[in-house]
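Visitor: I would like to know how the terms used for a structure follow from its values. Could we go through some of them?

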Amino acid sequence: MIQARIVFQESIIKARMPPTQAESVIKNIIREIGQECAAHGEIVSETLVAFMVKAVVLDPSNGFNMDRTLIKSDVQKLVKHCVTRLLDNKNPSLDTIKMQVYFDMNYTSREEFLEEHHRVLESRLGSVMREITDNRACAREELESLYRKIVSYVLLRSGLGSPTDIKIVREATAALQSVFPQAELGTFLTLSKKDKERQLKELTMIVTGIRLFNRDCGKGGEGIDDLPAILHEAIPATTQHIDSQLQIAQEQAYRYTAILEKVRQNPLMSVQLQPYMLKEALYNVRQYEIFLQIILSDIITCAQEVEMMIKKLGAQLEQLKMIVKSKTAVPTSQVFPIFIALSNLWTSFQDETVLISVLSNLTSHLEAFLGAHELLFPEKVLRGLLDGVTVKTDVFRMREQMEDRVNAEDFRKLEWLFPETTANFDKLLLQYRGFCAYTFATTDGLLLPGNSAIGILKYKDKYYTFNSRDAAYSFAENPENYINLITEKAKKNAELIQLLELHQQFETLIPYSQVKDVDKHIKPITKCESGTQTDTHILPPTIVRSYEWNEWELRRKAIKLANLRQKVTHSVQTDLSHMRRENGSQVYSSKDASTQSMKEGSTRVPRPQVYIAGLRGGRAKTTCGVKVNLTRAIDET
């Protein structure tokens with residue numbers, strides 16, 4: 001982006017001048033240039049003036065020496081050059097610079113735009129939020145007024161209707177009463193300010209979800225626009241308009257390129273076409289084409305997001321219908337999360353609507369910077385210049401050289417990248433926005449698209465493309481020479497800094513006396529990733545936690561302390577609680593142990609077998625038992 005900073009301008013103005021004095025000089029110069037232009041009926045912004053000062057100082061033909069402090073005559077000369085260029089309305093170069101400044105001042109990335117949009121909405125609702133959170137309503141009329149303010153806040157935050165429309169207010173009030181009756185205002189007022197803000201946001205999302213569900217069921221939705229249908233029509237229409245403008249710009253660029261190629265082959269034509277500023281016109285159209293492609297890419301992203309959100313919205317509504325059906329009471333734990341999800345989806349629809357509107361307006365305003373083409377190159381003039389010339393498109397030029405690829409073996413010290421051998425080949429950040437570096441350097445600024453398929457040169461961690469194999473080989477022989485030629489060309493045409501993304505080369509300037517020491521060219525600043533970390537709270541907190549603003553709370557604490565003065569604390573101990581304390585002990589856990597003998601052995605003894613005969617008696621009256629020992633001897637076993 002264009003950087004019109006005081007730091008840069010100080011490097012132009014001062015050699016030994018104090019910083020504050022240099023800053024004052026720059027402000028005076030910018031103010032004087034703006035006043036001179038205003039006197040001639042041309043209103044210019046400070047950003048445009050600052051960039052024009054940079055362009056004039058960079059141009060070697062103007063002869064500004066950065067090795068000494070500017071004197072009064074130098075300042076007058078600088079002002080004169082800047083005013084002359086700013087008043088030249090027929091110069092395509094000035095239109096390109098104005099286009100670049102306008103785009104950089106009004107375009108941001110999708111994430112930054114949505115973040116800023118939400119911040120602006122929060123700031124606009126801040127006063128209404130404070131009226132609610134700081135309210136100390138006590139009487140019935142005051143509570144009713146507070147409830148009406150909450151309804152207005154819900155409508156303003158959701159963006160679903162005007163808080164002055166009676167029908168919309170009634171519908172929003174009914175939805176709010178179903179989840180937050182007026183009887184709960186007393187509990188709401190006792191909350192802290194942060195809790196009040198959080199509850200207001202949750203109530204807004206729940207009420208928004210209820211109204212969206214009622215609208216889908218045909219029972220409400222007063223004042224709610226059908227954003228999905230609006231976006232479904234607006235996105236294709238905007239895309240079609242940008243596509244048509246992009247096609248016109250590309251065709252115009254192809255015609256200018258064909259004429260410039262014809263002029264290069266016929267030196268006599270270059271003298272005749274010099275007043276027409278054909279190359280400046282080509283830069284203007286190419287810059288317009290690049291900006292349109294950036295906008296179109298954002299709109300395509302919007303279309304993808306909207307398509308995904310429409311599917312999610314339908315799924316959420318169907319899920320809610322399945323839960324509710326014909327039930328008279330539904331658990332809040334089931335429906336509230338879905339209401340909140342519906343609200344978030346609708347907020348996303350609103351964001352996409354605003355983003356599409358901004359991008360569409362940006363596209364319309366960019367067309368105003370193409371007015372010089374009709375004045376310099378009427379259709380009759382272009383037809384005469386294109387007589388006998390074949391107009392080639394960028395795609396046709398690439399197909400012509402598709403098979404004639406670079407042989408990497410011809411360059412042992414240089415690295416060449418090809419689609420089949422390089423991961424993320426299409427995502428490489430190409431130098432000069434993908435235009436052929438060799439052609440631009442050798443033809444005094446002709447822009448031809450490079451063909452990545454024939455090979456990309458990696459030189460000092462930067463990637464260069466070329467429109468032909470011969471151009472690639474010639475550039476590879478001495479890359480520094482051609483890079484310096486491009487830088488010198490950009491000094492004469494400052495719009496090339498933005499067009500070819502040469503900000504790194506021109507981020508700082510050095511005095512003329514030091515140019516010889518750096519091989520007569522300005523070396524780019526090396527960038528590196530760095531990070532810092534600080535403590536969350538460097539100083540100890542000074543918040544008094546015991547502070548209480550509520551008078552009634554202070555009275556309650558005072559009564560409690562007064563009552564405690566008349567109380568006596570008693571304590572008792574029992575045998576079980578007397579001298580009770582925790583004890584701990586430590587033991588060594590048992591372990592398994594075993595022993596092993598030198599020799600395994602076993603013994604066996606005879607089994608005793610003893611019998612007694614005659615126990616049953618006989619004919620005799622006395623029993624006589626006979627003991628018989630049949631145990632075998634030990635040596636028999």
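Guide: Start with how angles between helices are taken: axes are lines fitted to C-alpha atoms over the stretch in contact, and angles run from 0 to 180 degrees between N-to-C directions. The model here is predicted. In it, helix α5 (residues 92–106) and α13 pack at an angle of about 20°, and their axes are 8 Å apart.

Visitor: Why are α5 and α13 called roughly parallel?

Guide: Angles under 35 degrees count as roughly parallel. The angle between α5 and α13 is about 20°, and therefore the two are roughly parallel to each other. Their crossing is left-handed.

Visitor: Which residues of α5 meet α13?

Guide: On the α5 side they are Pro92, Ser93, Asp95, Thr96, Met99, Gln100 and Phe103. Their partners in α13 include Glu280, Tyr283, Gln287 and Phe291. By class, this contact of α5 with α13 has 9 nonpolar, 5 polar and 2 charged residues.

Visitor: What makes α13 roughly antiparallel to α14?

Guide: The axes of helix α13 (residues 278–324) and helix α14 (residues 332–366) cross at roughly 160° and come within 9 Å. Angles over 145 degrees count as roughly antiparallel, so α13 is roughly antiparallel to α14. The crossing in which α13 passes α14 is left-handed. The contact of α13 with α14 has 27 nonpolar, 5 polar and 4 charged residues.

Visitor: How do you know whether Gln350 is buried or exposed?

Guide: Gln350 is found in helix α14. Buried means under 20% relative accessible area. Gln350 has 19% relative accessibility, so Gln350 counts as buried.

Visitor: What is Gln350 in contact with, leaving aside its neighbours within four places in sequence?

Guide: Gln350 is in contact with Ser158, Gly159, Leu160 and Leu227. Contact means heavy atoms within 4.5 Å. For Leu227 there is also a C-alpha to C-alpha value: Gln350 and Leu227 are 7.3 Å apart in space and 123 residues apart in sequence.

Visitor: How many of the contacts in the chain join residues 24 or more positions apart?

Guide: Such pairs account for 72% of the contacts with a separation of 6 or more.

Visitor: And what can be said of the chain as a whole?

Guide: The chain has 22 helices and 5 strands. Of its 637 residues, 38% count as buried. The accessible surface comes to about 40,600 Å², and 51% of that surface belongs to carbon and sulfur atoms.

Note on methods:
Residues are numbered from 1 along each chain as its sequence is written. This is a predicted model: local features need pLDDT of at least 70, side-chain atom pairs count only at pLDDT 80 or more; totals for chains, interfaces and linings use all residues. Side-chain values use heavy atoms; hydrogens and water are left out. Helices (H or I, at least four residues) and strands (E, at least two) are DSSP runs, numbered from the N terminus. Angles under 35 degrees count as roughly parallel, over 145 as roughly antiparallel, 65 to 115 as roughly perpendicular and the rest as oblique. A crossing is left-handed if the near helix is turned anticlockwise from the far one by less than a right angle, and right-handed if clockwise. Ala, Val, Leu, Ile, Met, Phe, Trp, Tyr, Cys and Pro count as nonpolar, Asp, Glu, Lys and Arg as charged, and the others, Gly among them, as polar. Buried means under 20% relative accessible area, exposed over 50%, partly exposed in between (1.4 Å probe, protein chains only). Accessible areas come from the Shrake-Rupley method with a 1.4 Å probe; for residues, only the protein chains shown count as cover.
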